[in-house]
Amino acid sequence: MKSQRGAWGALDSTRQAIARVAEILGDLGSFSSRLQAAATVTSAQETEILAARNRITDIDVAQESAALLRSRIAQDIGVAILSQANLQPQIVLTLLQARQ
């Protein structure tokens with residue numbers, strides 16, 4: 001900077017560089033805000049998806065538990081019916097043997 005004109009040129013270049021840096025910082029701040037908003041939405045969506053998956057799993061477990069209970073009740077009923085069916089002939093045999 002040997003002259004006043006050179007000093008003014010350097011000052012003008014510096015001002016332009018500062019303005020450009022400020023513009024870039026503004027763009028980065030805007031991008032950062034949009035990125036943060038997207039992250040917030042994504043986090044909320046993840047929470048909703050996990051909650052929905054847990055509700056589905058809970059429903060599946062409840063349905064399977066109910067099916068197992070129905071199966072066990074049917075099995076118990078079958079055992080009771082077979083017991084009664086086996087008991088009836090034994091009663092008849094006992095009665096017949098008692099008459100002899």
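Helices here are DSSP runs of H or I with at least four residues, strands are runs of E with at least two, and both are numbered from the N terminus.

A word on the source. This is a predicted model, in which local features need pLDDT of at least 70 and side-chain atom pairs count only at pLDDT 80 or more, while totals for chains, interfaces and linings use all residues. Residues are numbered from 1 along each chain as its sequence is written, and side-chain values use heavy atoms, leaving out hydrogens and water.

Now the overall picture. The chain has one helix and zero strands. Its radius of gyration is 43 Å, well over the 13 Å that the globule rule gives for 100 residues, so the chain is more spread out than a compact globule. That radius is taken over C-alpha atoms, and the rule is 2.2 Å times the number of residues to the power 0.38. Along the principal axes, the C-alpha atoms fill a box of roughly 145 × 15 × 10 Å. As an example, Gly9 and Ala67 are 58 residues apart in sequence and 86 Å apart in space, C-alpha to C-alpha.

What share of the 100 residues is buried? The share is 0%, where buried means under 20% relative accessible area, exposed means over 50%, and partly exposed is in between (1.4 Å probe, protein chains only). Ala67, also in helix α1, counts as partly exposed at 30%.

Back to Val21, which is partly exposed at 47%. Together with Ile24, Leu25 and Leu28, Val21 makes a nonpolar surface patch of about 370 Å². Patches take residues with over 30% relative accessible area and no salt bridge, joining nonpolar side chains (Val, Leu, Ile, Met, Phe, Trp, Tyr) within 5 Å and like charges within 9 Å.

Finally, which side chains meet in a salt bridge? They are those of Arg20 and Glu23, at 3.2 Å, N to O; the cut-off is a side-chain nitrogen of Lys or Arg within 4 Å of a carboxyl oxygen of Asp or Glu. The structure holds one such bridge. Both partners lie in helix α1, three residues apart, about one turn of the helix. Arg20 is partly exposed at 43%, and Glu23 is partly exposed at 45%.

Thanks, happy to chat!

Terms used:
Areas by Shrake-Rupley, 256 points an atom, 1.4 Å probe, with all protein chains shown as cover.
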